[in-house]
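I opened this notebook to record what I looked up in one protein model. The entries are kept in the order in which I made them.

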Amino acid sequence: MATQNLLQRLDVAADTTGSSSNASDRRIEEVFIAVEAISLGDAVSLDMSQTTDSDKALKVVKADSGTETDKLCIGIALEDASANANIRVCIRGFCEATVAGSTAQGDLLQIGATAGQLDPRTVAVDEGGAATFNLFPIVAIATEDDTANVATVYVYSQF
């Protein structure tokens, strides 16, 4: 699982002729095992329902604020995977993620009640005028408005 973060190129996007447009984005990926079917762009969590600690650090499920064992979001799936298959996960850097339809550029994103989807951090005001938050860890920041519930995000390192 250990990945090195070696910088191979210092090209700006316009200079990456003949190479990937991601050549210098410095994204860090890790490989995990999917416990369930996971889709490209899904927010994933370490599976805290596993009985051994080593499996908790190895297996992932869709992140979900409504499930006690699925709240430890570590990144975004970079590919589709079926149950028990290896899956690449962006644990830091730029990638496309499944987000709530109201996501705007600059929104801080956290796990939500829809499994695999990131929601903007919201502030509500209670009857006494005090601000209240739904306080799940900030996982990423949106770098653009969503289009059909997908946006490019920058994932903050959680793993």
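The entries below go from the whole chain to single residues.

**Entry 1: The model**

I noted that this is a predicted model, in which local features need pLDDT of at least 70, side-chain atom pairs count only at pLDDT 80 or more, and totals for chains, interfaces and linings use all residues. Residues are numbered from 1 along each chain as its sequence is written, and side-chain values use heavy atoms, with hydrogens and water left out.

**Entry 2: The whole chain**

I looked up the secondary structure and found one helix and eleven strands in the protein. Helices (H or I, at least four residues) and strands (E, at least two) are DSSP runs, numbered from the N terminus. Read from the N terminus on, the order is β-β-α-β-β-β-β-β-β-β-β-β.

I then turned to burial. A residue is called buried under 20% relative accessible area, exposed over 50%, and partly exposed in between (1.4 Å probe, protein chains only).

Of the contacts with a separation of 6 or more, 60% are made by residues 24 or more positions apart.

**Entry 3: Strand pairing**

Two strands pair if DSSP finds at least two bridges between them. I began with β1 (residues 28–34), which runs antiparallel to β5 (residues 86–98) and is joined to β5 by six bridges. In this pair V31 stands opposite R88. β1 also pairs with β3 (residues 59–62), here in the parallel sense and over two bridges. The bridge partner of A34 in β3 is V60.

Next I followed β4 (residues 73–77). Which strands does β4 join by bridges? Three bridges join β2 (residues 43–46) to β4, and the two run antiparallel. A43 has I76 of β4 as its bridge partner. β4 and β5 are likewise antiparallel, with two bridges between them, and A77 stands opposite V89 of β5.

I asked how many residues of β4 are buried. Five of the five are buried, so β4 is largely enclosed by the rest of the structure.

**Entry 4: Salt bridges**

I used this rule: a salt bridge is a side-chain nitrogen of Lys or Arg within 4 Å of a carboxyl oxygen of Asp or Glu. The count comes to six salt bridges. In general, side chains of opposite charge can pair when their charged atoms come close.

The side chains of E29 and R27 meet in one of them, at 3.3 Å from N to O. E29 is partly exposed at 23% relative accessibility, and R27 is also partly exposed at 23%. R88, the residue opposite V31, meets E79 in a salt bridge at 3.6 Å, N to O. R88 is partly exposed at 30% relative accessibility, and E79 is partly exposed at 26%. I noted that R27, E29, E79 and R88 are linked in a network of salt bridges.

K56 and D53 form another salt bridge, with their closest N and O atoms 3.7 Å apart. Both residues lie in helix α1 (residues 53–56), and because they are three residues apart there, about one helical turn separates them. D53 counts as exposed, at 60% relative accessibility.

**Entry 5: Cysteines**

I searched for disulfides (pairs of cysteine sulfur atoms within 2.5 Å). The count is zero. C95 is in no disulfide, and the nearest cysteine sulfur, that of C90, is 3.9 Å away. C95 is buried at 5% relative accessibility. C73 is buried as well, with a relative accessible area of 5%.

**Entry 6: Positive phi angles**

Where is A148 found? A148 is in the loop between β10 (138–142) and β11 (150–155). Its phi is near 55°, a positive value in a residue other than glycine. A148 is exposed, with a relative accessible area of 69%.

N149 is placed in the loop between β10 and β11. N149 has a positive phi of about 65° although it is not a glycine. With a relative accessible area of 32%, N149 is partly exposed.

Technical notes:
Contact means heavy atoms within 4.5 Å.
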